[in-house]
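Here are some brief notes for a colleague who is new to this entry. Please keep the sequence and the structure open while reading.

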Amino acid sequence: MFVKYKKVNIYQEDVRVLADVDFHVDEGEFIYIIGHVGSGKSSLLKTLYCELDLHEGDEASVLGRNLLRIKRKEIPALRKELGIIFQDFQLLHDRSVYKNLQFVLKATGWKDKKEINERIDEVLEAVGMKDKKLKMPYELSGGEQQRIAIARAILNKPKMIVADEPTGNLDPETADNIVSLLKQISLTGAAVVMSTHNLPMLDKYPGIVYQCKDGKISDVTAEYNKINMIAEE
């Protein structure tokens, strides 16, 4: 199991935002986190890559690491096994698409120039952006920048992708393309955990659905599927 949280409490500074969290992620699963602004979605995702620390819970493990006891020096190794996609892309604007991706590979220990070039071409091909390799981020549309952000996230063939509102700033058609791309990635065995307000996507690209509400998180997949079946009738 990639993620196993049992009765975990999640805090932002000193305020508890989610209590008694039971949350599980396994290989190849496509998981949506839904809920209103401020309901704890981003806080939950930040705990997965140790942006927020965990101190309370019966169990909290991500990719075999115990997050209740993880040391600061162990966090970079965990993050190397994750692909993280932010809503605001977080590309380096002073360098080309190629240099953005090269920077990540070099920072994570890649040294062979030929291997670096081949891997960059592979991920850009996967997200349909190979022809934009030499472009600067400001020359790209929002959807294109998000595709580059996804390419960056999959560079090191992560076991799990964590995406915080990856379609939040995109038009509906582009958002659809991004979720379709993430769904395809999950079919290769990587788990995808994605927070979203874009509820129509849950119908088009079904997955496991967790809802953050009133300081709790619950698996509402069956409930959500039932609503959809009634609507279709």
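1. In what order do the six strands of the open sheet lie? The order is 6-7-8-3-9-10, in a model that is predicted. The pairing is mixed. Strands of a sheet can pair through backbone hydrogen bonds in either a parallel or an antiparallel way.

2. Look at the edges next. Strand 6 (82–85) and strand 10 (216–219) are the edge strands. Each of them pairs on one side only. Direction ignored, neighbouring strands of this sheet are turned by 15° against each other on average.

3. Strand 6 and strand 7 (residues 160–164) run parallel. Four bridges join them. One detail to check: Leu82 has Met160 in strand 7 as its bridge partner.

4. Now the helices that lie across these strands. Helix 1 (residues 41–48) lies across strand 3 (30–34), strand 6, strand 7, strand 8 (191–195), strand 9 (208–213) and strand 10. Helix 1 runs at about 150° to strand 7. Helix 6 (residues 172–186) lies across strand 3, strand 6, strand 7 and strand 8. The angle of helix 6 to strand 3 is about 135°.

5. Which residues of helix 3 (residues 97–107) are buried? They are Val97, Tyr98, Asn100, Leu101, Gln102, Val104 and Leu105. An α-helix has 3.6 residues a turn, so residues three or four places apart point the same way. The cover over the buried residues of helix 3 includes helix 4 (113–126) and helix 5 (142–154).

6. A last point on the backbone.

Key. Residues are numbered from 1 along each chain as its sequence is written. This is a predicted model: local features need pLDDT of at least 70, side-chain atom pairs count only at pLDDT 80 or more; totals for chains, interfaces and linings use all residues. Side-chain values use heavy atoms; hydrogens and water are left out. Buried means under 20% relative accessible area, exposed over 50%, partly exposed in between (1.4 Å probe, protein chains only). Helices (H or I, at least four residues) and strands (E, at least two) are DSSP runs, numbered from the N terminus. Contact means heavy atoms within 4.5 Å. Two strands pair if DSSP finds at least two bridges between them. Axes are lines fitted to C-alpha atoms, for helices over the stretch in contact, and angles run from 0 to 180 degrees between N-to-C directions.
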